[in-house]
Amino acid sequence: MAGLKILLIGREGQVAWELRRSLACLGEVIARGRGPDGGVDLADLDAVRAAVRAIQPGLIVNAAAYTAVDKAEQERDLAFRINGGAVGVLAQEALAVGAGLVHYSTDYVFPGDRQRPYREDDATGPLGVYGQSKLAGETAIRQAGVPHLILRTAWVYGRRGQNFLLTMLRLMREREVLRVVYDQHGAPTWSRLIAEATALLIAHSTRNSQFDPGDKAGTYHLTCQGQTTWYGFAEKIRELGLASGLLPEACARLEPIPTSGYPTPARRPEYSVLSNEKLFEAFDLALPDWEKALRLCLDGFGH
Ligand SMILES: NC(=O)c1ccc[n+]([C@@H]2O[C@H](COP(=O)([O-])OP(=O)(O)OC[C@H]3O[C@@H](n4cnc5c(N)ncnc54)[C@H](OP(=O)(O)O)[C@@H]3O)[C@@H](O)[C@H]2O)c1
């Protein structure tokens, strides 16, 4: 039994950590963080090239990225090198060794000026450097002509890493009042479900240990269903946290504030809900509603 040889870029990131588990049934998973012990630094394009040539994978899954949305405004070159340049190198090298590429992108490629969920072919128009650099990565993959799946996700949280859920749980224990933005709309998405859906998509696209999505190659939106605001997300975290005993009765109360009351270096889209219809039509697959996913994530958490 051979199985697919998968080079997973990223080890400890929210999605990468889950992928190390979810991809395990598909073949050999070689996960590379950026630590000194055989790690791959995406800022070093020669190292990226060398890693793919040495490993000769059948599939590359890139779950690493420059994700510091605000800091990117000051580190434009680095963000573009990691999210654009390195992704282009991964795509070219994958093509050269006969591999495919699965890559993640973001709702922040959109300007957020709509009142209906964005579809894959809607016009992009990122408001900040992070979104622009992620868009550059998407373009580089399409130009390389490698068999690929680009999965745009959003508002990622999980039981590990830096994310809104864990930040809220911590601050709700520490503070009396928490002010949370009520006028940005999106779909919170659990990292584990992203990883599990990715594994299903790869399994669906693999025959005889060869990744080949055929005419299903392309860009898909992959987020939980429904929509809320950061404030709505925080309210639900508080409610479920209290009900499960994760939060004490004396935890912080919430106060809704407009985006203008919480200025950040990077502008964020007001509305970045993504339609997942294309994914459902192509693969018969849909992530659950965001509230249901949050309940699953918190079920048993901290015990
Ligand atoms: N987080 C979100 O809300 C969100 C929303 C939409 C889309 N996405 C996309 O989803 C994907 C996964 O995101 P995530 O939330 O899992 O990200 P994350 O938790 O921030 O993890 C990012 C990972 O990338 C690694 N990384 C950063 N710079 C690197 C470099 N120069 N070389 C190698 N590795 C590097 C980090 O390594 P270190 O641990 O060493 O720093 C970290 O493990 C990304 O493509 C992201 O753009 C995320």
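Because the model is predicted, local features need pLDDT of at least 70 and side-chain atom pairs count only at pLDDT 80 or more, while totals for chains, interfaces and linings use all residues. Residues are numbered from 1 along each chain as its sequence is written, and side-chain values use heavy atoms, with hydrogens and water left out.

View 1. A search of the whole structure finds 0 disulfides (pairs of cysteine sulfur atoms within 2.5 Å). Cys251 is buried at a relative accessible area of 8%, whereas Cys25, at 79%, is exposed (buried means under 20% relative accessible area, exposed over 50% and partly exposed in between, with a 1.4 Å probe and protein chains only).

View 2. Helix α9 comprises residues 290–298, and its buried residues are Trp290, Ala293, Leu294, Cys297 and Leu298 (helices are DSSP runs of H or I with at least four residues, strands are runs of E with at least two, and both are numbered from the N terminus). An α-helix has 3.6 residues a turn, so residues three or four places apart point the same way. The cover over the buried residues of α9 includes α5 (164–174), α6 (191–204) and α7 (230–244), together with strands β6 (156–157), β9 (189–190) and β13 (228–229). At the N-terminal end, Asp289 caps α9 through a side-chain oxygen that lies 3.0 Å from the backbone nitrogen of Glu291, and just after α9, Gly300 takes a positive phi of about 85°.

**View 3. Thr189 in strand β9.** Thr189 lies in strand β9 and is buried, at 0% relative accessibility. A polar atom of the Thr189 side chain lies 3.1 Å from the backbone nitrogen of Cys224 (a polar contact is a pair of N or O atoms within 3.5 Å; within protein, one must be able to donate a hydrogen and the other to accept it, and residues adjacent in sequence count only if both atoms are side-chain atoms). Not counting residues up to four places away in sequence, the residues that Thr189 touches include Trp155, Tyr157, Ile194, Leu222 and Leu287 (contact means heavy atoms within 4.5 Å).

**View 4. Ser133 in helix α4.** Ser133 is found in helix α4 (residues 129–144) and is buried, with a relative accessible area of 0%. Its side chain makes a polar contact of 3.0 Å with the side chain of Asn83, and the side chain of Ser133 also reaches the backbone oxygen of Tyr130 at 2.7 Å. Leaving aside neighbours within four places in sequence, Ser133 is in contact with Ala79, Phe80, Asn83 and Gly84.

View 5. The ligand is surrounded by 23 residues, of which the closest are Arg34, Leu42, Thr67, Tyr130 and Lys134 (a residue is near a molecule if one of its heavy atoms lies within 4 Å of it). An N or O atom in the side chain of Lys134 is 2.7 Å from an oxygen atom of the ligand.
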